[in-house]
Amino acid sequence: MTNLQGQDNASSIVQKVPITCPHDCGGQCLMWAHVKDGVIVRIESEPGDEPPARACARGLASRKRVYAPDRIKYTMKRVGERGEGKFERISWDEALDKIAAEMKRIKAQYGPGAFVNLQYAGEPLGSFQGIAVGRLMNMFGGNVQHWGGASLEGKYWAALATFGDRWAALGSGDARSARLLILWGRNPAITRGGNNPEGDSNPFFLSQAKEAGTRIVCIDPRYTETVALYADQWVPIIPGTDTAMLIAMAYVIINENLQDQKFLDEYTVGFDKFKEYVLGKEDGIPKTPAWAEVITSVPAATITGLAREYATTKTAMLIDGWGPGRTAYGEQYFRAAYTLKAMTSNISPSEMTVRARPFRGAGYLFSKGKNPFDFDPQAPADVGQSLDPALKNRRRVVQGNLYDAMMRGKDGGYPSDIKMAWVNGGNTLNQFANTNKGVKAFKQLDFIVVTEQFMTPTAKFADILLPATTHLERSGVYTGGGRLFYSEKAIEPLFEAKSDFQICAALAPRLGIENYDGGKTEEELLKDYLTSPDMKKWITDYDAFKKRGVWEWSASQPQAGKVVLPTSSGKIEIYSQKVADLKNPEIPPIPKYMETWENRNDPLTKKYPLQLITSHFRLRAHSVFDNVAWLKDLEPQRVWVNTADARSRGIQDGDLVRVFNDRGVVLIPAYVTERIMPGVVNLCEGAWYNPDKDGVDRGGCPNVLTKDKNSPAGAWCTHTSLVQVVKV
Amino acid sequence: MQMAFYFDQTRCTGCSACLIACKEWYDMKSGPAYRRIVVRIEKDKYPNPYLAYLTIACLHCERPACAAACPTNAIVKREEDGVTVVNKDLCLGKDNCATFCKEACPYGIPDFGEEENAKMQMCNFCLDQLAENKNPICVDACPSHALDAGPLNLLAAKYGQTRQAEGFVYSEETMPSIIFKPKLR
């Protein structure tokens, strides 16, 4: 440990150790763990202003997770039914022997496609943990991968179609540089609780922008904290219809000839085809503001006004939030937003190139290796960089179909029969759509391993349950915005907990895998990596980085002069020939509005008249922290119901209500409010599924109600479900 | 001198980092904290609702009603910085007292834990931090920089004289040491 800061009561030394969070809230903050005699006695937010990296309530409550009495302390085997949560302590050796025997049996009987690694967003951002199991499975012969992730698969597809790279178009720049800021489905006051470094969604930066006179418009079905604090104008919109409003804004701009034609001519292809669609020459329907008003409920005059303002203000920044993309046809929303930005030259091609950076996201410090099962002689080497979902589905499973694939396998047209799941850093049953179907699917598997810190709803389904370290029991390096964070091991692992890396390294020899860890510890690998010639470009002073806990690096500058994007045309593709070649009417080559399933015009509304959205909750990072009493004390899980909808149902604020559809039932108190538009209810994601004996969820997990189907091009659709709410 | 807080209601997202930072610093149990968040204030109708948050700790009033009400003089206002502190050795505890301090405070700040005969507890302006010329821990934890602390006259010079905010009424009787930037409609 470093940073000897001082003495506490003369006998014991308190050391301050830089830490951050690994939980994938979207931000990345800096904190200091005060460690005395091997115990963390305090966690302190980074008090400084530069760089602004102050933590939120969750990060500051981390000690309550590390030292929680309900930590999983030992390796265990299941003794009750799956889901019952009855376990018995066994030794690490017994657990690893059992896992090795089952993996060998399953591989021999069904081949490597029988394995699936459900690594997810619980604790994935560290240096190794996110890919430890994936690497092990790849070295053992492969596994069936899943694709179509929750956060922003629609955006990845849209960026690939428009700019030629999945990773393009992340981040819109510093909000403080804009005169007009349109926060579209973006709620950073809640989703970026800490003082995280992203310039376009740091709450402090938004305050500063507002105070400097930037006009801020928020488009959102809810009157969020972001709307309340920063917005000059709130535009409530029916969920799933954002694309229609964007396209109607394009109509106004075209109709009034406000587009930057010179920019379009020079840097884009396909604007004319989009224009034909917008003006109605393709389908006879001009996409006027009046057309969009009927669909979105946004008054035509509001759409017209905002379009004119966006087209004529410099600098105008449209921050396309990720929520509206988590709907059926969500990829079209991002495509439409990019097109609007291009029409008004509010983007430049150079900004859309993917610039060099140290590493991205999780687990990039050691190699996951090749996945033999993923190899497809007919597919490009990196099928992830394909616009064709059918191609991806040849060897992979889209996440919405995962439970169906588990239950039907090859007979259902999937690439393999899945027999074993290893869940690490995730709470799959809670966080993937259609929890009740997931429960059935999990019960059919041959073998389930879960690596966990707590008895989550998913952990209860493990056959072998392995105790995982928290991030404060190991060192790691994390990335957020333009910064790297060094999170130092503050304490030794508690109980019998091990990291994912250590678990896999111990299991590898039992599976006949050689050289899983290269003969090195995590600490050694971390140091090797951070001091490698490659990383020295970014981290010029390793010791200073370790001491300070945070390191600012600058992405390479945008290329000057003419830029060739990695699209077929080298330009921004408003029309994509590659997409046209797919010949899928649900995946059109230009951005189009298509009505979602389970929408307000669906006959299903007779039974289930309310649209459910499943927003983020500020006191959880997805499902992490739901078991921390400090945070639970602050705000209970409730379903948001508009006052008018509540009145017609005889529901008062705080009443217990039943939220249900054909997929499941949730029993939860109502939050009756004017802050959500009529016809829409909101149940925040991440609350732990807690079924009673009748299968009614009393924890408030929204995925009991969401539909397990991805959008045609892959977007995650947990904001596209119909429900009914009644008073109990 | 009178130490005071500043609260910018236009910046407060209600995130509760101030409250959790306080509980973490003082290693408190689940339940009350010295800093009290966060009242959510909701009013008016869709599509023009109003939402704001309010967070307060002990306001270290210029004329603390809690101190006047305490039967054992356990609550003392320090002359050097105007911070109101409680001497737990003198406090009778909640089982042996009618908690006059809590009743007297117009803001309900004095608090008692759940344990048997809990003594009164409240914000002491992080005196340890103050001794090192540092801000109270809640102030330096606020991601939106909505809190500040310092001598009342200096805060007033910096931020103005507004003593009310949405959800907060200034008590002429006790004279709480807080300056606001209120969130207007």
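Me: Contact here means that heavy atoms lie within 4.5 Å of each other. With neighbours within four places in sequence left aside, which residues is A:D417 in contact with?

Reply: The model is a predicted one. In it, A:D417 is in contact with A:G113, A:A114, A:R408, A:G409 and A:K410. A:D417 itself sits in the loop between α17 (402–408) and β15 (420–424) of chain A.

Me: How do you know whether A:D417 is buried, partly exposed or exposed?

Reply: Its relative accessible area is 28%. Buried needs a value under 20% and exposed a value over 50%, so anything in between is partly exposed. A:D417 is therefore partly exposed.

Me: How far is A:D417 from A:P678?

Reply: Their C-alpha atoms are separated by 44 Å, and the two residues are 261 residues apart along the chain.

Me: What makes A:F495 stand out in its backbone, and where does it lie?

Reply: A:F495 has a positive phi of about 55°, although it is not a glycine. Its place is the loop between β19 (483–487) and α20 (500–507) of chain A. With 42% relative accessibility, A:F495 counts as partly exposed, because that class takes in values between 20% and 50%.

Me: Why is B:N133 placed in its accessibility class?

Reply: B:N133 has a relative accessibility of 73%. The cut-off for exposed is over 50%, so B:N133 counts as exposed. The residue lies in the loop between α4 (127–131) and α5 (137–141) of chain B.

Me: What makes a group of residues a nonpolar core, and what is the size of the largest?

Reply: The members must be buried, belong to a set of residue kinds that includes Ala, Leu and Phe, and be joined through side-chain atoms within 4.5 Å. The largest such core has 66 residues, and B:F5 and B:F168 have the most contacts inside it. Strand β3 (residues 50–56) of chain B gives the largest share of this core, 6 residues. A second, separate core has 58 residues, including A:F271, A:L340, A:M343 and A:A580. In soluble globular proteins, nonpolar side chains tend to be buried together.

Me: Which residues does B:F168 touch, beyond those up to four places away in sequence?

Reply: The residues touched by B:F168 include B:L54, B:I56, B:L59, B:Y107 and B:R163. B:P176, B:I178 and B:F180 are also touched.

Me: Why is chain B called as compact as a globular protein of its length?

Reply: Chain B has 6 helices and 9 strands. The globule rule gives 16 Å for 185 residues and the radius of gyration of chain B is 16 Å, so the chain is as compact as a globular protein of that length. Its C-alpha atoms fill a box of roughly 50 × 35 × 30 Å along the principal axes. Of its residues, 58% count as buried.

Me: How does the radius of gyration of chain A fit the value for a compact globule?

Reply: For 728 residues, a compact globule would have a radius of gyration near 27 Å; chain A has 25 Å, which agrees. The C-alpha trace of chain A spans about 70 × 60 × 55 Å along its principal axes. Buried residues make up 65% of the chain. Chain A has 26 helices and 27 strands.

Technical notes
Residues numbered from 1 in each chain as written. Chains lettered and ligands numbered in written order. Predicted model: local features only at pLDDT ≥ 70, side-chain atom pairs only at ≥ 80, totals over all residues. Heavy atoms only, no water. Buried < 20%, exposed > 50% of the residue type's maximum accessible area, 1.4 Å probe, protein only. Helix = DSSP H or I, 4+ residues; strand = E, 2+ residues; numbered from the N terminus. Rg over C-alpha atoms; globule rule 2.2 N^0.38 Å.
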